[in-house]
Each structure stands twice: as structure tokens, then as C-alpha cells.
Amino acid sequence: MNTSISSRKPQVVAVKGNIVTVRLGPEPVRKNETAAILTGSRRLLAEVLRIRGAEADLQVLEDTTGIRVGDPVELSGELLSVSLGPGLLGRIFDGLQSPLAVLAAQHGFFLPRGVQVPALDPEHKWSFVPAVRAGDRLRPGEALGTVQEGRLRHTILVPVDVAQEVQVTWIQGGSFTVLDPVARIRTGRGEEMVRLSRRWPVRRSLTEPLLRSGRAERLFPEEPLTTTIRLVDTFFPIARGGTACIPGPFGAGKTVLQGLFARYAFADIVIVIACGERAGEVVEMIEDFGRMEDPQGGGSLMDRSIIICNTSSMPVAAREASIYTGLAIGEYYRLMGHQVLVLADSTSRWAQALRETSGNLEEIPGEEAYPAYLDAAIKEVYERAGQIRTAGGATGSLTLIGTVSPAGGNFEEPVTQSTLGTVKAFLGLSAERAYRRFYPAVDPLASWSRYRQQLAAHFDQALAPGWSDRVQRILSLLHAGDAVRRMMQVTGEEGVSPADFVLYHKALFVDMAYLQQDAFDAVDVSTAPARQKESFLFVCDLVERDYVFPGREEARAFFLRLTGLYRNLNYAAQGSPDAERLKREIEALVAAVG
Ligand code: ADP
């Protein structure tokens with residue numbers, strides 16, 4: 001060891017878990033810069049987390065076994081970055097953007113240590129069509145040209161972090177790889193080549209430089225992200241560019257719900273960040289995405305999806321990075337004016353990775369040993385969502401929906417609490433509803449969405465006048481029905497008035513006929529806005545009538561029959577003879593007692 005100290009090259013002086021302490025050399029070092037730890041013949045990727053005088057703490061983004069004191073370290077000068085360019089769609093990456101399918105072919109499914117594979121295929125040629133000419137003056141974030149990426153128009157933009165105005169000095173159309181230069185621009189820093197792909201530091205917002213210079217603008221969300229899930233769209237809407245969280249105990253239906261969002265939500269691009277899943281679950285999801293037909297324009301769902309996955313067998317630091325990798329890619333497509341949906345599953349495991357690293361750094365712990373900055377870290381993640389007016393004048397959005405998996409379904413724990421303080425919609429899954437097979441098991445009494453008020457004007461105008469008031473009335477009915485249910489548990493049916501008994505059945509009918517939706521039925525799985533409107537107004541009409549029954553048995557029998565007919569209606573294609581017949585049967589049934 002003594003001999004190497006005199007060499008003044010950075011080298012490992014201590015190892016603790018995924019953290020190595022490195023004695024620095026004379027060259028400058030930056031926080032979040034990457035480095036290679038030379039262990040035997042391998043180069044293990046690491047990231048600088050903390051600099052303390054002549055030493056720095058680095059988190060190793062790969063398995064740390066075998067790293068020894070004295071191992072040489074090479075600093076890269078580059079911050080932990082992702083590659084952005086055409087060819088991201090349809091791909092599966094790990095948290096550090098190594099393409100897993102490529103690795104699978106070469107090395108088995110998961111990333112072997114010390115092997116770096118380019119994120120974007122360096123051979124593939126893309127047809128670039130310039131949108132401007134040499135001599136044109138452009139601003140950061142404006143379009144230089146386009147590439148067709150599958151069904152998506154992929155815009156090549158002037159880099160976001162250059163001076164206020166650039167001049168195009170050369171540009172060429174044709175067939176190019178992501179590494180070929182397609183244009184040259186004169187910036188405040190001199191001449192710069194633009195290629196179809198570029199690198200961007202994952203932990204930095206790609207939108208921020210444009211927002212700061214006023215080139216892009218944050219917009220107030222005014223439209224919903226239609227999910228075609230009735231319970232969500234009608235009662236707990238999520239704005240386009242908004243944030244939501246889905247906490248829920250194991251088995252309550254998080255995975256099914258995320259799958260439904262991925263497939264049916266009105267988004268151009270879906271990015272799934274699968275964080276800390278078991279390998280088997282990830283393989284299953286990937287196969288599902290490949291198999292599932294895309295309801296928007298055919299093809300497979302995978303054609304407009306990107307999956308970032310880290311299984312629990314992958315290193316903890318890579319898991320921590322994966323959420324930023326997913327967000328950076330999402331922001332990239334948003335800058336082109338696309339509607340991006342990012343599903344992060346689960347943010348609890350991401351937070352656990354933060355906790356583990358913080359513990360190894362011996363930072364002062366906060367609640368339940370999570371770092372004291374947990375709340376700030378969660379806010380920073382969700383702040384990257386939003387709707388923006390792009391430099392080119394289009395409207396792009398990034399909607400972020402995160403699941404939280406609190407141990408034992410305890411929503412009081414720090415990750416759930418911080419997330420609830422950050423997001424604007426909360427879809428709480430209930431073990432009890434799942435147990436009763438009331439799917440989606442989102443609890444209508446506990447969930448909330450601040451977007452319901454924010455989007456009220458939109459709904460009243462786009463769906464029906466007074467829509468928002470109706471939604472509020474039906475929610476009140478659900479609460480009132482639940483109060484009667486709890487009362488009946490104590491007193492029995494006889495303990496409540498006949499009117500309350502009917503009220504209870506009305507609430508149950510709303511639940512069975514409208515809130516519940518069968519993910520395994522080809523028709524019911526997805527309800528388009530027009531049908532939701534028709535159905536909700538019909539349900540309102542049915543429960544806002546006065547019914548008089550001779551006795552409780554008759555009331556029960558009526559609602560049982562009504563529920564049965566309505567569920568069959570949900571299974572019938574809209575406008576089909578079956579649907580029309582069922583509607584007439586329902587009308588006749590209610591006319592008989594109304
Ligand atoms: P989690 O991810 O929360 O552990 P899953 O999403 O895997 O739970 O759901 C568990 C099971 O519940 C599913 O296999 C399915 O049988 C059932 N389920 C969940 N959601 C629905 C739904 N919307 N419609 C029908 N069945 C559902």
C-alpha cells in the first residue's frame with residue numbers, strides 16, 4: 001500500500017457496503033461525477049456522492065464484492081448521465097440504462113459486473129429530415145429536424161443548455177446513426193456538433209434550463225389524463241402532467257392497476273420504472289407488454305413503452321438511480337411535445353435504497369432510519385412531473401404515478417407520508433376491498449384528488465353541466481351508505497330505518513355497477529369518456545329517484561336485480577343490441593317501483 005500512496009492516483013482507502021472511500025489525487029472532482037474502480041480486470045462503475053477534503057465517498061453502482069483497499073480509481077469527468085436519442089422506445093434498460101435485451105443475448109438476463117453496453121444501438125441508421133436551413137437562427141429547445149421512431153415523431157432539438165440564440169452553420173438530411181453529426185451550430189461557446197443522440201446528467205432536470213430562461217413555460221394542468229378506469233376518471237381524476245400515488249398492501253391490485261394505466265391511459269409514451277421487483281415478476285411484465293395489443297393504434301404496447309427495471313438482486317445504488325433515469329427519458333420526450341406517462345413501482349424500494357446508502361455514509365438518520373432529506377428527495381422526484389409549453393410552442397406533459405408499498409399496509413410510515421404530502425391525487429388500495437374482490441380495490445372513501453376541483457370547469461364543459469356537483473353528491477351517497485353499513489353491523493338490518501336501508505343499497509349499487517370494473521373482461525376493462533359520461537348520468541338518475549318498497553325483502557330483491565342487469569350492461573359493447581335491450585330492461589324495472 002505504501003508504494004501506491006506515493007503515486008498520487010486516486011485509490012480506494014475503505015469499503016463499507018456499497019460505499020467506497022477514495023483518497024483523491026490532484027485532479028478536481030465533482031459531486032455525482034462517475035468513476036471506474038479498477039478491481040482485478042474489471043472496471044466497476046461508481047458515482048461520487050460526497051467530497052470531504054482529500055477524500056470522497058463513492059457509491060458503487062455494481063456488486064462490490066472483491067473491491068479492495070488500494071484498488072486504483074479513475075474519475076471520468078462526466079456526471080452520471082443517460083443517452084437520449086431515437087431508439088429508446090420499445091427497449092428495456094436497467095437503472096443505469098444498460099439495455100437488458102442486448103445483455104440477455106450476450107450474457108444471460110442480467111448485467112454482469114463491469115460490462116458496459118451502449119444504451120442506444122450504435123449501428124442502427126435513422127432517417128433525419130431537417131426542419132431548418134444553414135443560416136437559420138434558433139433558440140434552445142427548438143427543432144432542428146425530425147426522425148421517425150416507430151409510430152412516433154422524434155424531434156431533434158437544439159440542446160437546452162446552450163446560449164440564448166444559436167445559428168445553424170451546417171445541417172444535412174439522410175440516414176445516420178445516433179453518433180453521426182447531423183448539424184453544426186454556433187453558440188456562445190463556439191461551434192458545436194449536434195448528433196441524433198446526446199448525454200444528459202440524470203439527476204438534473206432537462207426542462208429546468210428552458211424554464212429558467214423563459215424558453216419553456218410551466219402550465220397549470222387543465223385537462224385530465226384519461227385512464228378509462230371509471231373510478232379514477234370520474235371520482236379521483238389525475239391531471240395530465242399531474243402526480244398521483246397508489247399505496248397498497250401486497251395483493252391489493254397495484255400491478256394490475258399499473259398495467260391498466262400503461263395500456264389504456266391516453267399517453268404517447270409509457271415509461272415503467274420497476275424498482276426492486278423480483279426477477280420473475282419483471283420477466284412476466286416484459287412478456288405481457290410484448291404480448292398486449294396497444295389499444296391506441298394497434299401494434300404491441302411495447303412499441304410505445306420503455307421499461308427501466310432493477311430487480312431486488314441488482315445493486316442497491318443502481319436501483320436508486322433508476323427513477324432518475326426514467327424521469328430524464330420522460331422529460332426528453334416531453335420537450336418534443338409528447339404526452340408521457342411515468343409509472344414508478346415501487347417508490348418504497350427506491351427509498352429503501354436511499355436509506356441503505358445513507359446508512360453506509362453514516363449520515364444522521366431521520367425517522368425509521370431514512371435519511372433526513374427523504375421528504376426533499378421525494379418532492380424533487382415528483383417536481384419533475386408537469387405540463388409545459390415547449391420552446392416550439394407545443395404542449396408536452398409528464399404525468400408521474402408512483403406506487404408505495406408500506407410494510408403491513410401501514411400508511412403512517414415516512415415514505416407514504418412524504419409522498420402524500422407531495423402528490424395531488426391519492427388512490428388508496430384497500431385490502432378489505434381486494435378480499436371482497438371489489439376491483440379496482442381503490443377505496444372510494446379514503447382516496448382523494450385535488451384535481452377534481454382544479455378540473456371542475458373542464459368536466460362541466462366537456463361532459464355535462466353540473467358534472468362536478470353530481471360527482472360530489474354521489475361521493476356523499478357512498479359515505480352515507482357506509483355509515484348505514486357500519487350501523488347495521490352493530491344493530492342488524494332491523495336497527496336502521498327503511499329509508500336508510502334503501503340508501504345503503506343505493507350506495508352498494510353505485511359501487512357494484514360503476515366503481516367496480518372487471519380488468520379481465522374485454523369490454524368492461526376500459527370505458528371511454530363518452531361511455532363513462534352516459535353511464536354515470538344513468539347511474540345518477542337511477543340512484544337519485546325515490547323508491548318505495550313494501551318491505552326490506554322487496555328492496556333487496558330490486559337492487560339485486562338492478563345490479564345484475566347493470567353489470568351485464570357493462571359487459572355489453574356500447575350501442576350493441578344487447579346493451580340497448582339491457583337499458584330497456586333496467587328502465588322497465590325501475591318504472592315498476594318508481
Ligand atoms: P399487487 O401488485 O398489489 O400485489 P396484483 O395487482 O398482483 O396485486 O393483484 C392481485 C390479484 O388481484 C390479481 O392477480 C387479480 O386476480 C386480482 N385483481 C387485481 N386487480 C383486479 C382488477 N382490476 N380486476 C380483476 N381482478 C383484479
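Axes are lines fitted to C-alpha atoms, for helices over the stretch in contact, and angles run from 0 to 180 degrees between N-to-C directions. Helices (H or I, at least four residues) and strands (E, at least two) are DSSP runs, numbered from the N terminus. The model is predicted: local features need pLDDT of at least 70, side-chain atom pairs count only at pLDDT 80 or more, and totals for chains, interfaces and linings use all residues. Residues are numbered from 1 along each chain as its sequence is written, and side-chain values use heavy atoms, with hydrogens and water left out.

**First stop: two helices**

Select residues 467–491, helix α14, and residues 498–515, helix α15; their axes come within 8 Å and cross at roughly 120°. α14 is therefore oblique to α15 (angles under 35 degrees count as roughly parallel, over 145 as roughly antiparallel, 65 to 115 as roughly perpendicular and the rest as oblique). Display the side chains in contact (heavy atoms within 4.5 Å), including Ile 474 and Leu 477 of α14 and Phe 501 and Tyr 504 of α15.

**Second stop: a sheet**

Next, find the open sheet of four strands ordered β12-β11-β9-β14, with antiparallel pairing (two strands pair if DSSP finds at least two bridges between them). β12 (152–157) and β14 (174–176) are at the edges with a single partner strand each, so one side of each lacks a neighbour in the sheet. Select residues 126–130, strand β9, which pairs with β14 over three bridges. Phe 128 has Gly 174 in β14 as its bridge partner.

Move to the open antiparallel sheet of four strands, β10-β13-β15-β16. Its edge strands are β10 (137–138) and β16 (190–195). Strand β15 (residues 181–187) pairs with β16 over six bridges, and Arg 186 stands opposite Glu 191 in β16.
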